[in-house]
Amino acid sequence: MIYPQVVEGIFLRRPNRFIAHVEVGGKEEVCPVKNPGRCRELLVPGCRVYLAKAQNKNRRTGFDLIAVWKGERLINMDSAAPNQVFREWAPSSGLFGESPRIRPETTHGDSRFDLAFLLKDPAGKLPDRPAFMEVKGVTLEEDRL
């Protein structure tokens, strides 16, 4: 997974869980935060953050906050990143056949899986039943930093 056009900034404040104010090149920018969790132990005023330049020119905001430095560790703040990495990796992994069908946010019977992928081997080399793969990130424990 590659973020195009990443820039460094200084975190200023987070008035709510969806946006942050960040200084970039001497200018204050309002940025969506790609993780709606609290993250108070990470997003501390003055900390170094990374922003991805928005690819949609019609957006009201120009960047997304995607990562933050906590001491010597760079922590990805993009809660969609684990799913995207899996989606890019799975077809070439060989674990799900030669050309697996991978469908995110799928239903099976009466159940709907928001963060799971339906995996099927069209060549029939895997069992006839679909496999569901749920991809999770991790929760940061402050006392372990």
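## Aromatic pair

Rings of Phe, Tyr and Trp (its six-membered ring) pair if their centres lie within 6.5 Å; planes under 30 degrees apart count as stacked, over 60 as edge-to-face and the rest as tilted. This is a predicted model, where local features need pLDDT of at least 70 and side-chain atom pairs count only at pLDDT 80 or more, while totals for chains, interfaces and linings use all residues. Residues are numbered from 1 along each chain as its sequence is written, and side-chain values use heavy atoms, with hydrogens and water left out.

There's one aromatic pair in the structure. The ring centres of F86 and W89 sit 5.9 Å apart with the planes at 50°, so this pair is tilted. You'll find F86 and W89 in helix α1 (residues 81-93), three residues apart, or about one turn of the helix. Helices here are DSSP runs of H or I, at least four residues, and strands are runs of E, at least two, numbered from the N terminus.

As for accessibility, F86 counts as buried because its relative value is 8%, whereas W89, at 41%, counts as partly exposed. (Buried means under 20% relative accessible area, exposed over 50%, partly exposed in between, with a 1.4 Å probe and protein chains only.)

## Strands

Strand β1 (residues 6-16) pairs with strand β4 (residues 48-53) in the antiparallel sense, over five bridges; two strands pair if DSSP finds at least two bridges between them. Here E8 has Y50 of β4 as its bridge partner.

β1 also pairs with strand β2 (residues 19-24), again antiparallel, over four bridges. I10 has E23 in β2 as its bridge partner, and a hairpin of two residues joins β1 to β2.
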